[in-house]
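Thanks for making the time this morning.

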Amino acid sequence: MAARLAKFPFVRTLEDFDFTAQPALDPKHLRELALCRWVGNGDGVLLLGPPGVGKTHLAVALGRAAIHQGYSVLFTTATALVAGLAKAHGEGRLEDRLTHWAKPKLLIIDELGYLPFEPSAAHLFFHLVSRRYERGSLMITSNRSVGEWDQVFGDPVVATAILDRLLHHSQVLTIRGESYRLREKRRSGLLKPAPVSSTE
Ligand code: ADP
Ligand code: MG
């Protein structure tokens, strides 16, 4: 029930995650994160990496773990979050919306950086991060490295202010490697093998 209310896009758990496909990640570290002490402390987690490497899978798995520990959790995408804030702003209901997103103990914001923000959207996002700062946890997934967030937010000053708050009490997990979906397709022969990169 609580998992349904959190609005996860799919059901995934840590047990479903194939760590052999993802050597950049330490399963022990993920199991430790699944104990959710960081949620209790109001700390954050950033999951960074290219598309298809399991960022959303892990965010959902950790979100479910947080629910099992009794924490309130909400899942949204960066695009939906910002569109909702902009709409509320236009209708004079920004405070209500910020309160809505500030309430859960853990807010998961998926897919930051797929679309760049309008300057006004970057400001609204900053409002939300400030509102949650040192009160509740944020878990953010992004296909952009932190160094590219200037471009995502379209404004280096806002990007710095957001990162300053986000990174202060956060762990950053960087996932590398090939998309899991493509890897599976390749294995089943639906795609050509990946080109072997040569350094000679
Ligand atoms: P991302 O959010 O990084 O783009 P997803 O988490 O959506 O990637 O992963 C794409 C699909 O591949 C999902 O169905 C996910 O469950 C699966 N997947 C990705 N990585 C793994 C993995 N290491 N083990 C098992 N399934 C995986
Ligand atoms: Mg994803």
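I will begin with the overall fold, then turn to the pockets, and end with a few individual residues.

First, the conventions. This is a predicted model, in which local features need pLDDT of at least 70 and side-chain atom pairs count only at pLDDT 80 or more, while totals for chains, interfaces and linings use all residues. Residues are numbered from 1 along each chain as its sequence is written, chains are lettered from A and ligands numbered from 1 in the order in which they are written, and side-chain values use heavy atoms, with hydrogens and water left out.

On the overall fold, the secondary structure comes to 10 helices and 5 strands, where helices (H or I, at least four residues) and strands (E, at least two) are DSSP runs numbered from the N terminus. The C-alpha trace spans about 55 × 35 × 30 Å along its principal axes.

Buried residues make up 42% of the 200 residues, with buried meaning under 20% relative accessible area, exposed over 50%, and partly exposed in between, for a 1.4 Å probe and protein chains only. The accessible surface comes to about 10,800 Å², of which 54% belongs to carbon and sulfur atoms; these areas come from the Shrake-Rupley method with a 1.4 Å probe, and for residues only the protein chains shown count as cover. Among contacts with a separation of 6 or more, 81% are accounted for by residues 24 or more positions apart, a contact being heavy atoms within 4.5 Å.

Now the pockets. On a 1 Å grid over the protein atoms alone, a pocket is an open set of points where a 1.4 Å probe fits, with protein on both sides within 12 Å along at least five of seven lines, and lining residues have an atom within 4 Å of a point. The largest pocket has a volume of about 530 Å³, and of the 24 residues that line the largest pocket, Gly-52, Val-53, Gly-54, His-57 and Tyr-180 are the closest to its centre. Helices α4 (55-68) and α10 (180-187) are the elements that give two or more residues to that lining. By class, the lining of the largest pocket divides into 9 nonpolar, 6 polar and 9 charged residues, counting Ala, Val, Leu, Ile, Met, Phe, Trp, Tyr, Cys and Pro as nonpolar, Asp, Glu, Lys and Arg as charged, and the others, Gly among them, as polar.

The second largest pocket holds about 200 Å³ of space, and of its 13 lining residues the closest to the centre are Thr-13, Leu-14, Glu-15, Ala-34 and Ala-61. Here α4 gives the most to the lining, with 5 residues, and the classes are 7 nonpolar, 2 polar and 4 charged.

Asp-16 sits in the loop between α1 (2-5) and α2, is partly exposed at 46% relative accessibility, and, leaving aside neighbours within four places in sequence, is in contact with Val-11 and His-57.

Two backbone angles deserve a look. Most residues other than glycine have a negative phi. Cys-36, however, has phi near 65°; Cys-36 lies in the loop between α2 (27-33) and α3 (37-41) and is buried, at 1% relative accessibility. Glu-134 has phi near 60°, lies in the loop between α7 (119-132) and β4 (137-142), and counts as exposed at 53%.

Finally, is Leu-138 buried or exposed? Leu-138, in strand β4, counts as buried because its relative accessibility is 8%. Not counting residues up to four places away in sequence, Leu-138 touches Asp-43, Gly-44, Val-45, Leu-106, Leu-107, Ile-109, Val-129, Arg-132 and Leu-166.

Conventions
Grid points are joined across faces, edges and corners, and a volume is the space filled by probe spheres set on the points.
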